[in-house]
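This briefing is meant for a reader who is meeting the structure for the first time. Please look at the sequence and the model before going on to the notes that follow.

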Amino acid sequence: MGKSEKIILASASPRRAELLRSEGIDFEVRVNPHKEPHRKPAGIPAELWPMCLAFIKAQAVRATCQPPALPGGRTVILGADTIVVEGERILNKARDRSHARQILASLSGKEHRVITGICLMSADGKRERLANATARCRLQLTSRQLEAYLDTGLWKGKAGAYGIQDDHDPFVTLLEGDITTVIGLPLELVKRELAAFRRGT
């Protein structure tokens, strides 16, 4: 983006921040000050839910922007959220070790989808873009591997209780899609949507 433009990442995820930095994108982080909904309303398809959560994050952070736009330029807020879907079940972040064990055991030997939704929103609230990306993964691990992974604590704060980018996660295979979708921020999608946002299309 130009020098008069600014991106605010509406996420506390260090993985999303690392991905943006890897593209040389300048940004600052602001976190949603409110609790986000943990359950998807029955009428919303799973494919749309990450975009809804990304919108909620961006909207909450937008309310903290003062003034709403930078002088002589634009402020764009980027919200993102990732879910893991096995069949029709959405698997959220694990509450504790026992919950992580339950999630990973249920995923082992099966294919599942990882869906990351993004929301781009102008700080004045007049424009927004919503999009998502899906990847398919397979997870396979033995009971011994499961307990060893739980010991690392790397399952904490991650949808589906795993992170495909971690060295201790060799049991996850990307079958289809972009690995950055699984990590939590589909970079090609973000770059495409940012370009369209700048054009006003």
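This is a predicted model: local features need pLDDT of at least 70, side-chain atom pairs count only at pLDDT 80 or more; totals for chains, interfaces and linings use all residues.

Which residue caps the N-terminal end of α1? The cap is Ser-13, where a side-chain oxygen lies 3.2 Å from the backbone nitrogen of Arg-15.

**Helix α1**

- The buried residues of α1 are Arg-15, Arg-16, Ala-17, Leu-19 and Leu-20, and what covers them includes β1, α2, β3, α5 (179–183) and α6 (187–199).
- Just after α1, the backbone at Gly-24 takes a positive phi of about 70°.

**Helix α2**

- Helix α2 covers residues 49–62, which makes 14 residues, and the distance from its first C-alpha to its last is 20 Å, close to the 20 Å expected at 1.5 Å a residue.
- The buried residues of α2 are Trp-49, Pro-50, Met-51, Leu-53, Ala-54, Lys-57, Ala-58, Ala-60 and Val-61.
- These buried residues pack against β1 (5–9), α1 (14–22), β3 (74–86), β4 (89–91), β5 (110–122) and β6 (128–139).

**Lys-57 within α2**

- Lys-57 has its place in helix α2, and it counts as buried because its relative accessible area is 7%, which is under the 20% cut-off.
- Leaving out residues up to four places away in sequence, Lys-57 touches Ala-10, Arg-16, Asn-32, Glu-36, Ala-80 and Asp-81; of these, Arg-16 is also one of the buried residues of α1.
- Lys-57 and Ile-118 are 61 residues apart in sequence, while their C-alpha atoms are 9.8 Å apart in space.

**Ser-122 and its surroundings**

- Ser-122 lies in strand β5 and is buried, with a relative accessible area of 9%.
- The side chain of Ser-122 is joined to that of Asp-124 by a polar contact of 2.6 Å, and the Ser-122 side chain also reaches the backbone nitrogen of Lys-126 at 3.2 Å.
- When residues up to four places away in sequence are not counted, Ser-122 touches Arg-62, Thr-75, Arg-127 and Phe-197.
- Two of those neighbours also meet each other, as Arg-127 lies over the face of Phe-197, at 4.0 Å from the ring centre.

**Aromatic rings**

- A search of the whole structure finds one aromatic pair, formed by Tyr-149 and Phe-171 in an edge-to-face arrangement, with 5.2 Å centre to centre and 80° between the planes.
- Tyr-149 lies in helix α4 (residues 143–152) and Phe-171 in the loop between α4 and β7 (172–176), so the pair ties together parts that are 22 residues apart in sequence.
- Both Tyr-149 and Phe-171 are buried.

Technical notes: Residues are numbered from 1 along each chain as its sequence is written. Side-chain values use heavy atoms; hydrogens and water are left out. Rings of Phe, Tyr and Trp (its six-membered ring) pair if their centres lie within 6.5 Å; planes under 30 degrees apart count as stacked, over 60 as edge-to-face and the rest as tilted. Helices (H or I, at least four residues) and strands (E, at least two) are DSSP runs, numbered from the N terminus. Buried means under 20% relative accessible area, exposed over 50%, partly exposed in between (1.4 Å probe, protein chains only). A charge sits over a ring if NZ of Lys or CZ of Arg is within 6 Å of the ring centre and within 35 degrees of the ring normal. The expected span of a helix is 1.5 Å times one less than its number of residues. Contact means heavy atoms within 4.5 Å. A polar contact is a pair of N or O atoms within 3.5 Å; within protein, one must be able to donate a hydrogen and the other to accept it, and residues adjacent in sequence count only if both atoms are side-chain atoms.
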